[in-house]
Amino acid sequence: MPIIVDIDVMLAKRKMSVGELADRVGITPANLAVLKNGRAKAVRFTTLAALCEALDCQPGDLLRWESGTSTNA
């Protein structure tokens with residue numbers, strides 16, 4: 001999938017752990033890891049909004065499109 005998830009980048013910039021972000025957003029660390037590692041097939045807008053609020057960022061800071069990138073073999 002050509003959508004790249006940059007939650008790791010924002011976590012590093014904010015010096016925040018995955019567990020702390022999961023608590024702030026209200027999702028499990030396991031579900032956050034699925035999203036963070038690019039394995040999620042979808043994300044709810046409410047979750048995206050909560051991530052943006054917790055990380056003080058815009059959706060484009062967390063998600064980006066790269067042409068030619070594919071995880072399908």
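A disulfide is counted here as a pair of cysteine sulfur atoms within 2.5 Å. The model is predicted, so that local features need pLDDT of at least 70 and side-chain atom pairs count only at pLDDT 80 or more, while totals for chains, interfaces and linings use all residues. Residues are numbered from 1 along each chain as its sequence is written, and side-chain values use heavy atoms, with hydrogens and water left out.

By the sulfur rule, the count of disulfides is zero. C52 is in no disulfide, and the nearest cysteine sulfur, that of C57, is 4.3 Å away; seen from C57, the sulfur of C52 is the closest, yet too far for a bond.

| Cysteine | Relative accessible area | Class |
|---|---|---|
| C52 | 9% | buried |
| C57 | 9% | buried |

Turning to the helices, which are DSSP runs (H or I, at least four residues) numbered from the N terminus, the axes of α2 (residues 18-25) and α4 (residues 45-55) come within 9 Å and cross at roughly 120 degrees. That angle makes α2 oblique to α4, a class left over once angles under 35 degrees (roughly parallel), over 145 (roughly antiparallel) and 65 to 115 (roughly perpendicular) are set aside. L21, R24 and V25 of α2 make the contact with T47, A50, L51, A54 and L55 of α4, contact meaning heavy atoms within 4.5 Å. Of the contact residues, six are nonpolar, one is polar and one is charged, where Asp, Glu, Lys and Arg count as charged, Ala, Val, Leu, Ile, Met, Phe, Trp, Tyr, Cys and Pro as nonpolar, and the others as polar.

Definitions and conventions:
Axes are lines fitted to C-alpha atoms, for helices over the stretch in contact, and angles run from 0 to 180 degrees between N-to-C directions. Helices (H or I, at least four residues) and strands (E, at least two) are DSSP runs, numbered from the N terminus. Buried means under 20% relative accessible area, exposed over 50%, partly exposed in between (1.4 Å probe, protein chains only).
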